[in-house]
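Work through the exercises below with the sequence and the coordinates at hand. Each task is followed by a solution in steps.

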Amino acid sequence: MSKQFYTFDLSYTQNRELSWLAFNKRVLDEARDPSVPLLERTKFLSIFTSNLDEFFMVRVGSLFDLSVMTPNAIDNKSGKIPLGQLKDIFHHVSALIAYRDEIYEQLTADLRAAGIIELAYPNLGKEDKKYVDSYYKMFIAPILSPQIIDPGHPFPHLKNKALYIAALLCNKKNEAKNEMLGIVDVPEEITPILFLPSKKGAYIRTANLIESYLSEFFGIYEIKQCSIISVTRNADINFDDEKFDETELDFSTKMAKLLKKRERLAPIRLEIEDPFTKLSLRLADRLHLKKNQIFYSICPIKCDFVFQFDNFEKSLYDPEFLPQYPEYLSHEYPMWKQIQQRDILLFYPYDSMAPFLKLLQESADDKAVTSIKITLYRLASRSEVAEKLCRAAENKKDVTVLVELRARFDEQNNLEWAKRLSDAGCRVIYGMEGYKCHSKICLITKKDKNGFSHITQIGTGNYNEKTAALYTDFSLITADESIAADAAAFFHNMLTGNLFGVYNHLLVAPNTMKKSLLNLIDEEIQKGDKGRIIIKANSITERELIDKLSAASCMGVKIHLIIRGICCIVPGIPQKTENIIVTSIVGRFLEHARVYLFGSGEEQKIYIASADIMTRNQSRRVEIACPVFHTDIKRWLNEYLDIQIKDNTKASLLSPHKTYERKTAPAGSEKVNSQEWFMEHPPKFARTKLQKKSLFRKFFSIFAKLVYKK
């Protein structure tokens, strides 16, 4: 495509992949932040590494596919074709790997000072060596499969992200014979580290232990070089483009086949724990990789072993924090009655998920409840939500569950839960072909003397008990019948395959959400410099919405974007985005909530949503944004966004130069860490009348007991 046909203004946008890498650098920055407890810093190192793994599997994988299928496709934020984007990515990743090595070496020194010490096999004392030798012979050696590579031993399939020990070998008896490769797997089922008996905190990585035994495997060869390696494969399967036998009508059957296919996709990256060696080139040649696809590091390829650092000094960890049951809710009274009195907003992880689980439990057992309908995107492996849905079905409720089987890397877990739900009697559907269902909505229907009443729950995050303790998300629960009517229409449309339903209050992608957001921005544009927009989301990439925000900025609308990850709009560009501020918060919890705020005062409109401002969310997924009607909740959400904007401890500002600068508190002013603020100041709303009555009863009971004692 020639430049003359390219009409997008690139002066205030940036490439999404480079923006994501900048986000992951902010994650890595937490690993060097001295205010973060030491063992929490090691976790950020691991999170950075696993984030980068997924980035290569998905985003880099898709760009490789794009470079083959449509090599001249131009990115509408950077103006670059796929190969140009890949070149930029490899350059930036190399710098990030060097930065990670620097941080890893500092962390290693700090850990050593704290008594947590990694030892190499040759440096082990007699007692430790005896222990690891015994462990190796009993638990590791029997399951290893060492192999040489020659005409009789073809190059094996290297599993995605598995660890291997690769060696460059030379035949001792025949020096004229060419060098050859040797490969030993590091079994995934063995522990990644062994703590040593001689000293608490001393450990050896089992991959290094296996490496020390290479001469046993390849005794007839001279080992010239050896390294721990890993191959990353393209995992970006487009489920809807795959062709299947038309007789296979069940999408779950197709999904099971695709998951097997993922393991065989093409390599896109070779990682090696060593400086540049001839061995790496030999491996890259076998894997059909170019030099810029080889990444050398000092830091271990897999860092998840740091999560095994338990039972050390408390000062090495974050202070313990447990989600709390909201004070304004009663344990004593049924959730249904409390929700009928007022809307409820749960704020994870500061609030516990228990009130919603209590609602599901009560609904499963209440004879008057007739049906439960819910969408499920990511579930915990042990899911209380799913168990309560099974219980409801077993109690003869009409339970409809839309399970999204295409939730990347959770497909197998969702397949297993879909079967269990179906076996329990739930009606399980899998959503729309070509459109992932990413919405989070639950509708409960109850028969009463006036006909039917409803409770609707809509969230920004998954029905996942594990992530609800780690991610910041909102869960709105309401008895509003107008919201329930839209929810009922939504599930009817999902059951009949209708993406183009009409809703009175909910914004539903892919049909109406983007159009509605554009209209809401237009309403603020009409107000000129009195206009106000705050958007909190994970990412913003959608070009039409980016351009509309730029247009609003040009008309004087004050815009604050609180975007944790990818942000393709660049703020502060004169006459383009000069009224836009972009903040990113990276801290102890993963910022995951999506909130859209438009205007001020009584006319203000606020939505919580499952959707980011991304092309995929607005055009290729089923998403829901729900208006917030309750005055107290709207007031509190304004306070919440204000605290996030004031964060000067874990927040960074995006500059016009596409770099992030950490915010700092001005001299003499108060430091604000928004996440710590909410740990100390969870949402407080007026208690329900039932709760007030409950407190009165408790007081009366105590008073009566005192009188009786007298």
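The model is predicted, so local features need pLDDT of at least 70 and side-chain atom pairs count only at pLDDT 80 or more, whereas totals for chains, interfaces and linings use all residues. Residues are numbered from 1 along each chain as its sequence is written, and side-chain values use heavy atoms, with hydrogens and water left out.

**Exercise 1.** Compare the span of helix 17 with the expected one, and list its buried residues.

Solution. Helices (H or I, at least four residues) and strands (E, at least two) are DSSP runs, numbered from the N terminus. Helix 17 covers residues 631–646, 16 residues in total. Buried means under 20% relative accessible area (1.4 Å probe, protein chains only). In helix 17 this applies to Ile633, Lys634, Trp636, Leu637, Tyr640, Leu641, Ile643 and Gln644.

**Exercise 2.** Describe the largest cavity and its lining.

Solution. On a 1 Å grid over the protein atoms alone, a cavity is a set of points where a 1.4 Å probe fits but cannot get out; lining residues have an atom within 4 Å of a point. Points are joined across faces, edges and corners, and a volume is the space filled by probe spheres set on them. The search finds five cavities of 30 Å³ or more. The largest has about 100 Å³. Its lining has 13 residues, with Tyr104, Thr108, Leu111, Tyr203 and Phe305 nearest the centre. Helix 2 (38–69) and helix 3 (82–113) are the elements that give two or more residues; helix 3 gives the most, four.

**Exercise 3.** Which strand gives the most to the lining of the second largest cavity?

Solution. This cavity holds about 60 Å³. Strand 16 (451–459) and strand 17 (471–478) each supply at least two lining residues. Strand 17 gives the most, with three.

**Exercise 4.** Describe the second largest pocket.

Solution. A pocket is an open set with protein on both sides within 12 Å along at least five of seven lines. The second largest pocket has about 510 Å³ of space. Of its 29 lining residues, Leu18, Ala22, Lys658, Thr659 and Tyr660 are closest to the centre. Helix 1 (16–30) provides the largest share of the lining, eight residues.

Conventions. Expected span 1.5 Å × (residues − 1). Buried < 20%, exposed > 50% of the residue type's maximum accessible area, 1.4 Å probe, protein only.
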